[in-house]
Amino acid sequence: MISEDDLLPFLRRDDLHVQLTALRALKNSVIGHSEQKSSYLDRGVVPDLLAIVGLSSDGVHDPLYDECRIEAGVVLGSFANSDPEISSRLITEQTFTTLVQILNVSTPPQLLLACLRTLTALLTAEASTSFVHQYPAIPTALATLMLHYSVSLESHGLTQQNTQILTRLCDLVPLVAPSHSFIHAFGLKLTPPLVKVVRCTILRSPRQPPVNRRLQSTAILALSHVLTPVGARELSLSAPEFTDALLALLRAPETATRLSSASLLTTLYTSGLSDSGSSSGVTRAPQNEALALVLVPTLMKLLDDSLAAGDDGRGCDPQILQTLAIVCREGGEVADRCVEVGLIKKIVSVVMLVAPNNHFSTGRMPERETRLLAGGLLCLAALGLHKEEYRKSIIEAGALGVVVAVMNRASTPAMREVKIAACHVLRTLSRSVLLLRTTIVESGVVGGVVDLLGDPVETPMDTTVDTAEPELLIADYADEKAFDIEDKTENLEVRAAAMAAVCNLVLEFSPLRKPILDKGILPLIVAGARSRYAPLRLNSVWALKHMVYGDDMETKAHVVSQLSFPLLMRLCDDEEIQVQEQALDFIRNLIARSENYIDMFLENVGVAQVFELLSRKLGLDEDPNNTEPYYTEVVVCTAYVLVHIAAGYERHREVVIQQEEILKKVIRLMSHERDEVRLACVWFVINLTWAEEAGRGPGPEDEDEAMSASGEIHFTECCRRRAEVLVGLGLREMLEVLKQDRVLDVREKTKTAVYQIENLLGDGNEDEAGLGMNIDVDGIN
């Protein structure tokens, strides 16, 4: 017998018999005794336990060796599943590194199960948004283990131990990657084994043994968490019986089974069955109808049952709210059904109950209530995307007060998801011009949203155009010091969400624009545009686009003084296609109705570089590999950049007409399936052949010459020559087709273009008047 006071020295003995005896005594001493656990932690027991658990057998199999590791793993699990003051002391890099290394098929099943329990408990206590980033091998490890332990699931069923291991592996999936930033790479590894596990649990013949319901619901939720839109689409198309089986589970007696099935079906219907590769505006009526008629009633019943269970709504499963948030994003009949049954009031009641102000001042909220609050706010944000009346109802229910409180007082990392959700609510509410000018402006939200952006990262401004290959330019967005700061703070998702909320607040008509700018936010936005974190980069460029929207030349000048043209060009070739879209829209807004900024853009970047860029972007969606709708969005905003250049001075139009490759692409795009592409192309022709204001020629410095009769003849001749160039490239035939276009606006603008062309070439009449136009974009998000 070993005395408890002498246990620690014996844990370090080479004699495995002695070590095993000490471990068993330690286990009996600490299980169920918090004071004993705290005492041993003070004396440094954790490193000894980790050393035993992580021992290598060097290829020699000894049952005592395995028993010692298993006992050490059980003791670690006992510490991890204690109260927070005890379990938090195990949350160290050494602990996680050791546990991750054990996640392999050679680990004894009992030890693996103990370590999975420990890892689950620790990550539940303190979620880490960068866990996958810190341990990139874990997706492969989890996938390998799932495949290994699910081999017998298809035919013979699982032993109790293997069932527990698979359940714990599925439990870990949302915990090791709670952040959506890592879901894509994570999902590629985990989707195949999870599909196998789920398929085996939901598609079973009568001859097979019944499946463990806990494993079934956990696996379904895990698959829902990692399934990407591409994976969902492939799964939906390849296995319709998969969807049918999930629909049947919506009637299962177990709440967890119904909820997990609803969650995965929501992912399949909102991601997998959509025609997201189409740019023709095809609606998703069948999917929306399925969501409205099948999933909404199921989810609302689950929510009502949870609220009726008492505890002021705190007993509600956060997964219900998170799934409803995804459902509500669809809008249409889905959102209408949710609102009709009182979802807004129900959600706000839960939010108000779990979010008293004292929580925000202390930063202490139970993990479940944190998830409830975040899920509730995300539901409101999703509903607010669609209708003004929904946004008004959210405001009237009192949700804005919670949003402001979160932004102004919730400052601890544990509130990260809540802060992100609050930012999303503010973003959707600010889509309303009325609310932006009334309730929101009086809410005191400015200080909070700016504070969430953090301090600006100082980086040297570019002074020359960088001609390196686009894929190499991301490294220049932030210097190494800035990247280190971003990694250590683990606050990038919050900053990205706050930046998204800022986008609508800095529009020209927003009364919050000046207060926000006065707080020195521009350097923060420019720093965000340099970030290596794609969502922050995207939202920062979106905010900059909104800042240069409209006719406020002072603000435009202020933005241009901070944002360099080399950085702008790099953003136009960003790795993320949505960033490219926003960067090109920035240019579109910058040069709209401003010949001076057209000059500045061409001079600072270079005429050849500008049109080479625009030519590449016009051809993006011609590549069969570029199937995302965002590629077409890039084509649209590129076309409108050309529209604005062609609306400039005569010299600008003369530069454009020399770009034969671009002219050919524009004419070819007149047959594009997307209405807005065709419309932009017609606008381009109208502006390029517009001769109604001869005075808008070389520029103000040549006004006298421009207004002379000879000057007017010169401008008319230039217009005629441009018309001849366009007709020579096949424009007339394309315009004839567009006269019969299905869209009225395209048909009407085509009439104007045809009139101008025919009038310039001497075979038209003067019954119609031409017009030139700039079309900038506010892009309220």
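Predicted model: local features only at pLDDT ≥ 70, side-chain atom pairs only at ≥ 80, totals over all residues.
Biologist: What share of the residues in the chain is buried?
Modeller: A residue is counted as buried when its relative accessible area is under 20%. Across the 781 residues of the chain, the buried share is 55%.

Biologist: Which cysteine sulfur is nearest to that of cysteine 328, and how far away is it?
Modeller: A disulfide is a covalent bond between the sulfur atoms of two cysteines, and a search of the whole structure finds zero disulfides. Cysteine 328 is accordingly in no disulfide, its nearest cysteine sulfur being 3.8 Å away, whereas a disulfide would need the pair within 2.5 Å. Cysteine 328 is also buried, with a relative accessible area of 0%. The nearest sulfur, at 3.8 Å, is that of cysteine 338.

Biologist: Is cysteine 681 buried or exposed?
Modeller: The cut-off for a buried residue is a relative accessible area under 20%. Because the relative accessible area of cysteine 681 is 1%, this residue is buried.

Biologist: Are helices H4 and H5 parallel, antiparallel, perpendicular or oblique to each other?
Modeller: Helix H4, residues 45-53, packs with helix H5, residues 63-80, at an angle of about 140°, and their axes are 8 Å apart. Roughly antiparallel would require an angle over 145 degrees, and roughly perpendicular one of 65 to 115. The angle of about 140° therefore makes H4, relative to H5, oblique.

Biologist: Is the crossing of H4 and H5 left-handed or right-handed?
Modeller: The contact between the two helices involves Val45, Leu49, Leu50, Ile52 and Val53 on the H4 side, and residues including Cys68, Ala72, Leu76 and Phe79 on the H5 side. The crossing of H4 and H5 is left-handed.

Biologist: Which residues is threonine 95 in contact with, leaving aside its neighbours within four places in sequence?
Modeller: Threonine 95 has its place in helix H7, residues 93-102, and is buried, with a relative accessible area of 1%. From leucine 76 it is 19 residues apart in sequence and 9.7 Å apart in space, C-alpha to C-alpha. Leaving aside those sequence neighbours, the residues in contact with threonine 95 are Val46, Leu50, Leu90 and Leu122.

How values were computed. Residues numbered from 1 in each chain as written. Heavy atoms only, no water. Buried < 20%, exposed > 50% of the residue type's maximum accessible area, 1.4 Å probe, protein only. Axes fitted to C-alpha atoms, helices over the stretch in contact; angles between N-to-C directions. Helix = DSSP H or I, 4+ residues; strand = E, 2+ residues; numbered from the N terminus. Parallel < 35°, antiparallel > 145°, perpendicular 65-115°, else oblique. Left-handed = near helix turned anticlockwise from the far one by under 90°. Contact = heavy atoms within 4.5 Å.
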